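My notes follow in the order I made them.

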Amino acid sequence: MTAGAAPVGDAQVHARGDGSAPVVVLVLAHPRPDSLNHALARRLGDAVTRAGAHLVAHDLYAEGFDPVLRAEESYVVGPDLDLGGPSGDPLLDRHRADLATADALVVVHPSWWGKPPAILAGWLDRVLVPGVAYLLPDAGGLPEPLLAVRRLVVVNTTDTPAEREATVFGDPLAAIWERCVGTYLGSPTSPTVVERTVLASVNEADDAQRTRWLDEMETMGARLVHALA
């Protein structure tokens, strides 16, 4: 399969149907349907499904997810603060509800200026809010986790060679996913295991290399579901 593989669709849901399958939420953030990111997400999602998990897949651009944080959503601390109720945005509410059921979260996105695309940053801002991801009565305390995401799997593509990414830029995405977001998805007694795969120098990769990366997604998806069993 090449980078022109069919994209992950609008909230595609594949359920095993017996109620016992782990739930994997996959979030894709790339604007081009023929991108390598779409192909990676498709292969990874298909592998998760074949391994027996319940997959809920969201393509943020295809869905038209609105990443702009509203003023009333910008509060993070308060003993009675709970933004988990109806927001007036049905798509946003669906994303929040899906994440609340997740045993694992899979995110596929490119690295742009050392950060996720703006639409994905906005997804984090609007979905991981008090009442959905955590409660924080006061700024000096510790957040009360509300999610039970056991695994966070992140696949990043970049045009920067791996050595330069690490030595010059310090791998800024590690701070976002491994040291920040990942710590809010589980609990102190059951912290989220974070696995991040960086596919480097995509602009120089030939078809053989892209095929190897796609094949890696097969293994990754099966391994994830096995870890959730």
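I looked up serine 201 and found it buried, at 15% relative accessibility. The model is a predicted one. Serine 201 sits in the loop between β8 and α7 (207–228). I noted its phi as near 55°, a positive value in a residue other than glycine.

I then turned to tryptophan 113. Its phi is also positive, near 55°, and this residue is not a glycine. Tryptophan 113 belongs to the loop between β4 and α4. Is tryptophan 113 buried or exposed? I read a relative accessible area of 85%, so tryptophan 113 is exposed, as the cut-off is over 50%.

**Helix α4**

I went through α4 (118–127) next. Seven of its ten residues are buried, so the rest of the structure largely encloses this helix. I listed the buried ones as Ile119, Leu120, Gly122, Trp123, Leu124, Arg126 and Val127. Which elements cover them? The cover includes β2, α2 (60–63), α3, β4 and α6.

**Nonpolar cores**

I looked up the largest nonpolar core and counted 30 residues in it. Within this core, Leu99, Leu105, Trp123 and Trp177 have the most contacts. Two or more residues come from each of β2 (23–28), α3 (90–100), β4 (104–110), α4, β7 (151–157) and α6. Which element has the largest share of this core? I found that α4 does, with five residues.

I checked leucine 99 by itself, leaving aside its neighbours within four places in sequence. Leucine 99 is in contact with Val25, Leu105, Trp123, Val127, Leu128, Leu147 and Val149.

I looked up the largest pocket and read about 380 Å³ of space in it. It is lined by 21 residues, and the closest to its centre are Ser111, Trp112, Thr157, Thr158 and Asp159. By class, I have its lining down as eight nonpolar, eight polar and five charged residues.

The second largest pocket holds about 260 Å³ of space. I counted 17 residues in its lining, with Val76, Leu124, Asp125, Leu128 and Tyr134 the closest to its centre. The elements giving two or more residues to this lining are α4 and α6 (172–180). I noted that α4 gives the most, three residues. What is the make-up of the lining of the second largest pocket by class? I found 14 nonpolar residues, one polar and two charged.

**The aromatic pair**

I searched the whole structure for aromatic pairs and found one. Its members are tyrosine 134 and tyrosine 184, with ring centres 5.3 Å apart and planes at 80°. I logged the pair as edge-to-face because planes over 60 degrees apart count as such. Tyrosine 134 lies in strand β5 (residues 134–135), and tyrosine 184 in the loop between α6 and β8 (193–199). The pair therefore ties together parts that are 50 residues apart in sequence.

I compared the burial of these two tyrosines. Tyrosine 134 is buried, with a relative accessible area of 8%. Tyrosine 184 is partly exposed, with a relative accessible area of 34%.

I looked up arginine 150, which lies in the loop between β6 (144–145) and β7. Its relative accessible area is 32%, so I put arginine 150 down as partly exposed. Leaving aside neighbours within four places in sequence, I found arginine 150 in contact with Asp103, Pro191, Thr192, Val193, Ala227 and Leu228. From arginine 150 to leucine 105 I read 8.3 Å, C-alpha to C-alpha, across 45 residues of sequence.

I finished with alanine 41, in helix α1 (residues 36–50). Alanine 41 counts as buried because its relative accessibility is 1%, and the cut-off is under 20%. The C-alpha atoms of alanine 41 and valine 107 are 8.4 Å apart, and the two residues are 66 residues apart along the chain.

Definitions and conventions. Residues numbered from 1 in each chain as written. Predicted model: local features only at pLDDT ≥ 70, side-chain atom pairs only at ≥ 80, totals over all residues. Heavy atoms only, no water. 1 Å grid on protein atoms, 1.4 Å probe; cavity = no way out; pocket = protein on both sides within 12 Å on 5 of 7 lines; lining within 4 Å. Points joined across faces, edges and corners; volume = space filled by probe spheres on them. Nonpolar A, V, L, I, M, F, W, Y, C, P; charged D, E, K, R; others polar. Helix = DSSP H or I, 4+ residues; strand = E, 2+ residues; numbered from the N terminus. Phe/Tyr/Trp six-rings, centres within 6.5 Å; stacked < 30°, edge-to-face > 60°. Buried < 20%, exposed > 50% of the residue type's maximum accessible area, 1.4 Å probe, protein only. Core = buried A, V, L, I, M, F, W, Y, C linked by side-chain atoms within 4.5 Å. Contact = heavy atoms within 4.5 Å.
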